[in-house]
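Here are some notes for a colleague who is opening this structure for the first time. They are meant to be read with the model on screen, one point at a time.

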Amino acid sequence: MRKLTGRCELQRICYNTKPGASRTMKIENLLKHVFQLLQTSVSVHPDAIEKTIEDIMELKKIDPDINPQLGISLQACLLQIVGYRNLIADVEKLRREPYDSDNPQHEEMLLKLWKFLKPNTPLESRISKQWCEIGFQGDDPKTDFRGMGLLGLYNLQYFAERDATAAQQVLSDSLHPKCSKFSKAEWEKKRMDKAIGYSFAIVGINITDLAYNLLISGALKTHFYNIAPEAPTFEAKPRHSSSNKYAAGWNRRAKLIFKTSIPSRQKNVRI
């Protein structure tokens with residue numbers, strides 16, 4: 001094919017495939033599985049990407065002065081590939097860190113979560129049945145973070161802080177039908193898009209677990225490679241069109257989780 005087109009496979013991918021997941025995943029597969037000598041290029045430090053591109057072009061005998069766009073395209077792809085790997089490392093580090101009630105920073109995050117979700121209701125004490133009001137299983141939330149570690153708390157706080165309207169709407173929905181004049185059956189008939197009577201915090205930790213597994217399996221590559229023009233980051237804010245739609249999405253996931261994973265609300269949930 002190179003003799004026919006005058007271009008190597010790297011060039012054909014970069015010139016014939018639009019930027020985004022399709023191009024980046026083709027480049028990633030090529031570097032990892034086809035070019036044995038270039039396998040390490042997908043795991044270099046971000047600061048070494050420019051030098052890595054020079055090495056790739058030298059190895060493939062590509063003149064950068066004649067093909068300047070190729071270097072730009074390769075850089076964008078490698079930033080995404082390396083960034084995704086680094087994102088997994090950052091997420092895994094947070095997941096492996098257990099919640100420590102003797103750590104002031106951990107305690108501060110937990111107390112902030114309460115303030116963001118219940119801004120008009122003071123927490124009477126650190127150990128309190130009030131935690132059940134936001135969906136924890138007992139009077140001390142620390143035991144609910146075992147499976148996801150600090151990552152579970154981080155994501156709950158992030159949601160409650162960055163999108164307070166949606167978070168409080170989801171919390172309100174989770175409390176029905178206790179806070180509604182309708183019965184559970186009537187509520188489900190009227191609002192089919194909502195899961196009701198579930199534990200907000202526990203569902204949040206379960207959704208974190210779902211997202212974590214999608215991330216490490218590589219299933220989220222298409223999403224990140226399409227929305228992040230360069231390296232995806234841990235702080236990237238999810239894009240959604242409105243708080244109401246986001247709340248509806250959370251509720252649909254909550255309904256799915258509780259239908260498939262948690263047969264009884266009385267059952268001790270394993271995260």
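1. In this predicted model, helix 2 and helix 5 meet through Leu-10, Gln-11, Cys-14 and Tyr-15 on the side of helix 2, and through Gln-69, Leu-70, Ser-73 and Leu-74 on the side of helix 5. The axes of helix 2 and helix 5 lie 10 Å apart and form an angle of about 80 degrees, which means that helix 2 is roughly perpendicular to helix 5.

2. Helix 2 covers residues 9–16, and its residues Leu-10, Gln-11, Ile-13 and Cys-14 are buried.

3. Which residues have the most contacts inside the largest nonpolar core? They are Ile-27 and Phe-136, in a core that has 60 residues. Helix 5, which spans residues 68–96, gives this core its largest share, namely 11 residues. Once neighbours within four places in sequence are left aside, Ile-27 is in contact with Leu-10, Ile-13 and Cys-14, and also with Leu-74, Cys-77 and Ile-81.

4. Gln-80 is a residue of helix 5, and it deserves a look of its own. Its relative accessibility is 4%, and because buried means under 20%, Gln-80 counts as buried. Leaving aside neighbours within four places in sequence, the contacts of Gln-80 include Gly-20 and Thr-24, as well as Phe-224, Tyr-225, Ala-228, Pro-229, Glu-230, Ala-231 and Pro-232. Gly-20 and Gln-80 are 60 residues apart along the chain, while their C-alpha atoms are separated by 9.4 Å.

5. Helix 5 also packs against helix 7, with an angle of about 105 degrees and axes 4 Å apart, and helix 5 is therefore roughly perpendicular to helix 7. Helix 5 contributes Val-91, Leu-94 and Arg-95 to this contact, whereas helix 7 contributes Gly-149, Leu-150, Leu-151 and Tyr-154.

6. Gln-157 is found in helix 7, the helix of residues 149–162. With a relative accessible area of 11%, Gln-157 is buried. Not counting residues up to four places away in sequence, Gln-157 touches Met-109, Lys-112, Leu-113 and Phe-116.

7. Is Lys-61 buried or exposed? Its relative accessibility is 72%, and because exposed means over 50%, Lys-61 counts as exposed. Lys-61 sits in the loop between helix 4 (49–59) and helix 5. Most residues other than glycine have a negative phi.

8. For the chain as a whole, there are 12 helices and 0 strands, so that the elements read from the N terminus as α-α-α-α-α-α-α-α-α-α-α-α. The protein chain has 271 residues, and 44% of them are buried. Among contacts with a separation of 6 or more, 66% are accounted for by residues 24 or more positions apart. The accessible surface of the protein chain comes to about 15500 Å², and carbon and sulfur atoms hold 51% of that surface.

Definitions and conventions:
Residues numbered from 1 in each chain as written. Predicted model: local features only at pLDDT ≥ 70, side-chain atom pairs only at ≥ 80, totals over all residues. Heavy atoms only, no water. Buried < 20%, exposed > 50% of the residue type's maximum accessible area, 1.4 Å probe, protein only. Helix = DSSP H or I, 4+ residues; strand = E, 2+ residues; numbered from the N terminus. Contact = heavy atoms within 4.5 Å. Areas by Shrake-Rupley, 256 points an atom, 1.4 Å probe, with all protein chains shown as cover. Core = buried A, V, L, I, M, F, W, Y, C linked by side-chain atoms within 4.5 Å. Axes fitted to C-alpha atoms, helices over the stretch in contact; angles between N-to-C directions. Parallel < 35°, antiparallel > 145°, perpendicular 65-115°, else oblique.
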